[in-house]
Amino acid sequence: LSKMQAKLKAVTEKPTKKTTVFWSPKEGTSYNVRVLPTPDGDTPKCIQWLSSYGGNIALFNNGEVYCWGYNGHGQMGSGNTTQGNYPIRAGNNYNTQVLRNKKAIRVAHSHLDGGQIAASNYALMCDGTLWSWGANFVGQLGLNNRTYYSSPKQVGLLTTWSKIIGGNGNIVSVKTDGTLWSWGANNNGQLGLGNRTNYSSP
């Protein structure tokens, strides 16, 4: 086996029942990060993973969201802008616990082109609420401002969000009534609103 294949083989064979192992190809190091077991006691499994511009966000089947990598705009959701060399649970760590009792069912990631490491992350919860954090150059967090947030913030007060997907500085989401909503960057009309105006709220 090659050196890389050997590392990957070791990582996939060693996780314990309550620990998920992350492996960073860049640093060639394994990190043991304790996460809560699923209701049936199995090792939590990653069911969604998104990555771009030096940052990552992963959703596990126990509803926990983890972020790591570049954190210059608070996109890890850790309550600070310290670089993330290993996964940290977004919204539930030593700096912030706003998502401590929340379970996510879907995550999304948005970034701006042009070589900027300007990413924003989102989490849709099982209670229908939507949360966002990170860069907010064009209002892509949906919080009616352009302030960056290093801790997750709830998008409005609605509990009727059902789907979400991220784009190039913009977000598109669906409510339980089937209506489609978009906000963020709109320089090419990507929000579908008949104009090229950026919007900072759904």
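Which residue stands opposite Trp-161 in E12? In the predicted model examined here, that position is taken by Lys-175.

The chain contains one helix and 13 strands. Of the 202 residues in the chain, 46% are buried.

Strands of a sheet pair through backbone hydrogen bonds, either parallel or antiparallel. An open sheet of three strands, in the order E11-E12-E13, shows antiparallel pairing. Its edge strands are E11, spanning residues 161-166, and E13, spanning residues 180-184, and each of these pairs on one side only. On average, neighbouring strands in this sheet are turned by 20° against each other, direction ignored. E11 is joined by five bridges to strand E12, which covers residues 170-175, and the two run antiparallel. Within this arrangement Trp-161 faces Lys-175 of E12, as stated at the outset.

An open sheet of four strands is also present, with the order E3-E4-E5-E6 and antiparallel pairing. Strand E3 (46-52) and strand E6 (84-89) form its edges, each pairing on one side only. Neighbouring strands of this sheet are turned against each other by 15° on average, direction ignored. Strand E4 (residues 55-60) and strand E5 (residues 65-69) run antiparallel and are joined by five bridges. Ile-57 has Cys-67 in E5 as its bridge partner.

A disulfide is a covalent bond between the sulfur atoms of two cysteines. The number of disulfides in the model is zero, since the rule requires a pair of cysteine sulfur atoms within 2.5 Å.

Rolling a probe the size of a water molecule over the atoms shows where empty space is left. The structure holds two cavities of 30 Å³ or more. The largest cavity contains about 50 Å³ of space. Its lining consists of Gly-63, Glu-64, Val-65, Arg-89, Ala-90, Leu-99, Lys-102, Ala-104 and Met-125. These lining residues divide into five nonpolar, one polar and three charged.

The second largest cavity has a volume of about 30 Å³. Residues lining this cavity are Gly-55, Asn-56, Cys-67, Trp-68, Tyr-70, Gln-75, Met-76, His-109, Ala-119 and Asn-121. At least two residues of this lining are supplied by each of E4, E5 and strand E8 (119-125). In composition, the lining of the second largest cavity comprises five nonpolar and five polar residues, with no charged residue.

Terms used. Residues are numbered from 1 along each chain as its sequence is written. This is a predicted model: local features need pLDDT of at least 70, side-chain atom pairs count only at pLDDT 80 or more; totals for chains, interfaces and linings use all residues. Side-chain values use heavy atoms; hydrogens and water are left out. Two strands pair if DSSP finds at least two bridges between them. Axes are lines fitted to C-alpha atoms, for helices over the stretch in contact, and angles run from 0 to 180 degrees between N-to-C directions. On a 1 Å grid over the protein atoms alone, a cavity is a set of points where a 1.4 Å probe fits but cannot get out, and a pocket is an open set with protein on both sides within 12 Å along at least five of seven lines; lining residues have an atom within 4 Å of a point. Grid points are joined across faces, edges and corners, and a volume is the space filled by probe spheres set on the points. Ala, Val, Leu, Ile, Met, Phe, Trp, Tyr, Cys and Pro count as nonpolar, Asp, Glu, Lys and Arg as charged, and the others, Gly among them, as polar. Buried means under 20% relative accessible area, exposed over 50%, partly exposed in between (1.4 Å probe, protein chains only).
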